[in-house]
Structure formats: structure tokens, C-alpha cells
Amino acid sequence: MSAPDGHDLDSANPWPGGPRPAVESVVGGTVADRITAILREEILLGNYTRGSRLDLDLLAERFGTSRTPVREAMFTLSQEGLAHVAQRSRVTVIGLTPQDVRDNFDVMAVLSGVAAKWAAYRMDDAARTQITRAWARISSASEENDLVRLSWDFHREINLASGAESLINQLRNAGRLVPRTFFELVPEQISCSRVEHDEIFTALMARDGDGARTVTERHFRNAGRSLAARLEAVIEF
């Protein structure tokens, strides 16, 4: 399936030697939510080059739906800064450059660091138990996909323990710009993340707010730089 300008809409694979991530496995939400999640992931992975067009009719055909949920998805991606919607529903991809990736992870690093510091001081017994359970699940995870999900669960419990709803909302927005297949793209981060999660957990249990913040910020910055380097190596910008 190709756009009028010749850009491939759904068969490009920027990851040499490997299959395209199975983003079609997305479940839950409305039809527009699922289309948004799929296209967001593909844009983040560089499957669409910057400036390429997204044809609503072709996408509606691909997803077996009307133009309405596709149009809704386009506006959501536009609000996230990943696409530009012009007159007559003409949509072009903006995407993220490697520097955008580094910047987004730096934002997440600062916000998550503050959340970890506050969680160390504010968590009650129930939050402490939830964080401990989330960390234990990471420690026993064997599959990369499980580790991605469990890592998000671990950080979500920390964020909730911070008790800062506005900060959590900002983190939720930044988190949407991280590929769901993160550890498939940068598998070298798996061992680093396990060590860093252990360090974060140890600092939290000791109620060492400054230590938890420092390790958390390093954790996110390391992840961002690894992903940006991977994108630079395989995608033309």
C-alpha cells in the first residue's frame, strides 16, 4: 500500500534482519484508540519517513473501518506532535528525530526522578507493598515483552506513591512517545534496566529520596540515549 508520493504505508521495515513489530496486537479502547496506537508505534519506529503523507482512505481500507475513526486518530497524533493535519484532511508525518527522543526521555527523567523522591518520603504501607510486588515481578521476568510491561508497572506504582496527580499526567503524555517494543529495539538495555530497577527499589525501601531521584534520572537518560542511537543507526532523517 503506497501513498501518492510513493512512500510505503505499511510494509516498510527499518529494522534489518528482523520482523516488523506486531503492533496490530493492540487491544482495548475505541477503534480510533487502537488505530492511534498502531500508527503511533509505526511513526515512532520510523516506518513512515518525515514528510510522507498518510492517506485516510487507504488507512480506512487497511483497518477495515470508515474514515471517521481514522480521522480521529490523525487529530490525536497531531496533538502529540507526530503528524500535521492540514486542510481537506491532508496529513503529513512529523515523527521524532533522535534529538526529540533524547529530549523526551530527559523530560521523563526529571519528572520520574521527582516522583521517585516524593514516593520515597510519602509512600504508605500499601504503596510500599505494591512497589515491592512490581519489583519482584520484574526480577522474575524472562521475556522481553514482559519486561517492558512490568517496567511500566513498576514506575507507575512509584508515580502513584508520589501522590502528585499533575506530575503523573505529564509523565503519561511523555510516555506515549516511547515505543511499546523498546526492549526489542535496544536489547542491550535489558541488563542495565534490571540493575537500575534494583537500585531504585533499594533507595525507595531505605526512604532515600535523593538517591531514588538520582538513579531514576540516570535510568531514563540512559534509555533515551540508547534508543536515539539505535534510531540514528537505522533510519534516515
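**Close-ups of a predicted helical model**

View 1. The side chain of Ser140 comes within reach of the backbone oxygen of Arg137, at 3.3 Å. That is a polar contact here: N or O atoms within 3.5 Å, one able to donate a hydrogen and the other to accept it, with residues adjacent in sequence counted only if both atoms are side-chain atoms. This is a predicted model, so local features need pLDDT of at least 70 and side-chain atom pairs pLDDT 80 or more, while totals for chains, interfaces and linings use all residues. Residues are numbered from 1 along each chain as its sequence is written, and side-chain values use heavy atoms, leaving out hydrogens and water. Ser140 sits in helix α5 (residues 125–140); helices are DSSP runs of H or I with at least four residues, strands are E runs of at least two, and both are numbered from the N terminus. With a relative accessible area of 59%, Ser140 is exposed (over 50%; buried is under 20% and partly exposed is in between, using a 1.4 Å probe and protein chains only).

**View 2. Ser151, a buried serine.** Ser151 counts as buried because its relative accessibility is 7%. A polar atom of its side chain lies 2.7 Å from the backbone oxygen of Leu147. Setting aside residues up to four places away in sequence, Ser151 touches Ile138, Phe183 and His197 (contact means heavy atoms within 4.5 Å).

**View 3. Helix α9 from end to end.** Buried positions in α9 include Ser193, Glu196, His197, Ile200 and Leu204. An α-helix has 3.6 residues a turn, so residues three or four places apart point the same way. Just after α9, Arg207 takes a positive phi of about 55°.

**View 4. Phe182 and the largest nonpolar core.** Among the members of this 65-residue core that touch the most others are Phe105, Phe182 and Leu204. Such a core is a set of buried Ala, Val, Leu, Ile, Met, Phe, Trp, Tyr and Cys residues joined through side-chain atoms within 4.5 Å. Helix α4 (residues 98–122) supplies the largest share, ten residues. Beyond its neighbours within four places in sequence, Phe182 is in contact with Phe105, Gln189, Ala223 and Leu227.
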